[in-house]
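Trainee: Can we go through the charged side chains in this one? I'd like to know who pairs with whom.

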Amino acid sequence: MSRWQEPQAIAELAREITVVRRPNPVTALYHWRYEIGVLLVLPYALFSLFQAAGPIWGAVVLFGVANWLFYWKSARRFLRDRLRSVVVQHRLRTGFARARVCTLDGKLPVILWTKPRGDEIEVTVFCPAGVGYERIEQRRALLAAACFATDVHVYRHHKRANVVHLSVCTARLRKDADDVAELTPAPRYAGQTDGAAIALPAPFAGIPRAARR
């Protein structure tokens, strides 16, 4: 091992044995915002429904809504994709911790935004100082396994080096006539190669305060 490689090896060893830090309360609330919203809104909505319509008509309304969601394909797909996005967020955080995609003091990247697009989940990640595109690219196979995904593609942000885009492919492998497995990329990433610069969506151009802590 040469002298210039020794500091890198020491830093890698320190990263492997470091203890991953827990997120601060603000970031933890941001991570669990969907579940907290459901726990707060759903009981209140059910209570208001049964109080306004009574137990019998309330049950009829619930049955009608469930039946409507079951037979309306677009609504079913919407709920499935949103649930899949939430699961991917939590699995990615676990993958970051287990794959040691963290700083030397154990700070993990923060997931800013996720959105389903076809068979892929687009994820925008804010990286703390000490983590960047290269680290996530090296661990993308482990992240794909953590997300129960076929593959994870990593893209650079076109302006900020501390913002990285992930495309988590949840589609099954499709085989053509030559028995070669191929994956169709999401429209947003069509024609792009790993490492290419992808623009951050306009509503998320600023980094929330929770991500800076």
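Trainee: What links Arg80, Asp81 and Arg84?

Mentor: A network of salt bridges links Arg80, Asp81 and Arg84. A salt bridge here is a side-chain nitrogen of Lys or Arg within 4 Å of a carboxyl oxygen of Asp or Glu. Keep in mind that this is a predicted model, where local features need pLDDT of at least 70, side-chain atom pairs count only at pLDDT 80 or more, and totals for chains, interfaces and linings use all residues. Residues are numbered from 1 along each chain as its sequence is written, and side-chain values use heavy atoms, with hydrogens and water left out.

Trainee: How many salt bridges in the whole structure?

Mentor: The search finds seven.

Trainee: Which residue does arginine 140 bridge to?

Mentor: Aspartate 151, with the closest N and O atoms 3.1 Å apart. Arginine 140 lies in helix α6 (residues 140-146) and aspartate 151 in strand β3, so the pair ties together parts that are eleven residues apart in sequence. Helices (H or I, at least four residues) and strands (E, at least two) are DSSP runs, numbered from the N terminus.

Trainee: And glutamate 134, what does its side chain meet?

Mentor: The side chain of arginine 156, in a salt bridge of 3.4 Å, N to O. That pair links distant parts of the chain, 22 residues apart: glutamate 134 is in helix α5 (residues 133-138) and arginine 156 in strand β3 (residues 151-157).

Trainee: Is glutamate 122 buried or exposed?

Mentor: Buried, at 0% relative accessibility. Buried means under 20% relative accessible area, exposed over 50%, and partly exposed in between, with a 1.4 Å probe and protein chains only. The side chain of glutamate 122 forms a salt bridge with arginine 117 at 2.7 Å, N to O, and arginine 117 is partly exposed at 31%.

Trainee: Switching to arginine 93. Where does it sit?

Mentor: In helix α4 (residues 73-98). Arginine 93 is buried yet has no salt bridge.

Trainee: How far away is the nearest side chain of opposite charge?

Mentor: That is glutamate 35, 7.0 Å away. For charges, Lys and Arg count as positive and Asp and Glu as negative, while His and the chain ends are not counted.

Trainee: So what does arginine 93 touch?

Mentor: His31, Leu108 and Ile111, leaving out residues up to four places away in sequence. Contact means heavy atoms within 4.5 Å.

Trainee: Last one: which ring does arginine 33 lie over?

Mentor: Tyrosine 30, with arginine 33 at 4.2 Å from the ring centre. The rule wants NZ of Lys or CZ of Arg within 6 Å of the ring centre and within 35 degrees of the ring normal.
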